[in-house]
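Dear colleague,

I am writing to hand over a structure for your studies.

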Amino acid sequence: MLNRDTPGGRAGRGLLLLVAGAVLTLSGCAPAGPPEVTFYSDGHTVDAKPLIDCDVLVRNCSKDPNATVNLRARPGKPVQVSVPSDVGDTPWLVITQYADATGALKAKQQYLPRNTKLAYTATPNAPGDQLVVVEVQQLGAAFAADPSGKPILDENGNPQLVARAYWSLQIQPG
């Protein structure tokens, strides 16, 4: 039995506390959840979980229909998008929908190659345009195919990759 008043007693108690702390720390570790995307506009930030999150081959997917997030943004103001390295290490897209000054809905898309950026600023085309939706798509290794199984090619002759995860921001005019 260790005596608390002896140097060995204090060292033994310290070692016991260190081991107990390590056990608690390790037992508290849980597998990481799906990656979250951060949207920022007009001084406010919101983190989004994916609506759909699939493996790289888009075979096993989980869905969260309540994952859409909301944020206020004034007309003409941008939305900054930040993705974790889990997303930025792969090709990803930002699809922006906005209403122009006449109220007509328009869309534009920006492709971001893998390992190039972890952030993007979504902007409307003109100062009076209102962003409506900003969607982030992480591309997987699967490609789109026609009914015969042949890859659908883009304008450069490359197979069109299928999105493996989606995050969606709905914007309320501010």
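The notes that follow describe confidence, strands and a pocket, in that order.

Please bear in mind that this is a predicted model. The chain has an average pLDDT of 85, and 82% of the residues reach a score of at least 70. Residues 11-27 need caution, as their pLDDT stays under 50. For this stretch the model shows two contacts beyond four places in sequence. Where pLDDT is low, the predicted coordinates should not be read in detail.

An open sheet is formed by four strands, arranged in the order 2-1-6-9 with antiparallel pairing. Its edges are strand 2, covering residues 44-48, and strand 9, covering residues 119-122. Each of these edge strands pairs on one side only. On average, neighbouring strands of this sheet are turned by 20° against each other, with direction ignored.

Within the sheet, strand 1 spans residues 37-41. Five bridges link strand 1 to strand 2 in the antiparallel sense. Which residue of strand 2 is the bridge partner of Thr38? The partner is Asp47.

Strand 7 runs through residues 92-99 and strand 8 through residues 105-112. The two are antiparallel and are joined by eight bridges. As an example to locate on screen, Gln97 stands opposite Ala107, which belongs to strand 8. Together, strand 7 and strand 8 make a hairpin, with five residues between them. In the turn, Gly103 has a positive phi of about 95°.

Finally, there is the matter of empty space. Rolling a probe the size of a water molecule over the atoms shows where such space is left. The largest pocket has a volume of about 310 Å³. Its lining includes Leu93, Gln109, Tyr111, Leu139 and Asp154. Also among the lining residues are Glu155, Asn156, Asn158, Pro159, Gln160 and Leu161. Sorted by class, the lining consists of five nonpolar, four polar and two charged residues.

With kind regards

How values were computed
Residues numbered from 1 in each chain as written. Predicted model: local features only at pLDDT ≥ 70, side-chain atom pairs only at ≥ 80, totals over all residues. Heavy atoms only, no water. Pairing = 2+ DSSP bridges. Axes fitted to C-alpha atoms, helices over the stretch in contact; angles between N-to-C directions. 1 Å grid on protein atoms, 1.4 Å probe; cavity = no way out; pocket = protein on both sides within 12 Å on 5 of 7 lines; lining within 4 Å. Points joined across faces, edges and corners; volume = space filled by probe spheres on them. Nonpolar A, V, L, I, M, F, W, Y, C, P; charged D, E, K, R; others polar. pLDDT = per-residue confidence, 0-100. Contact = heavy atoms within 4.5 Å.
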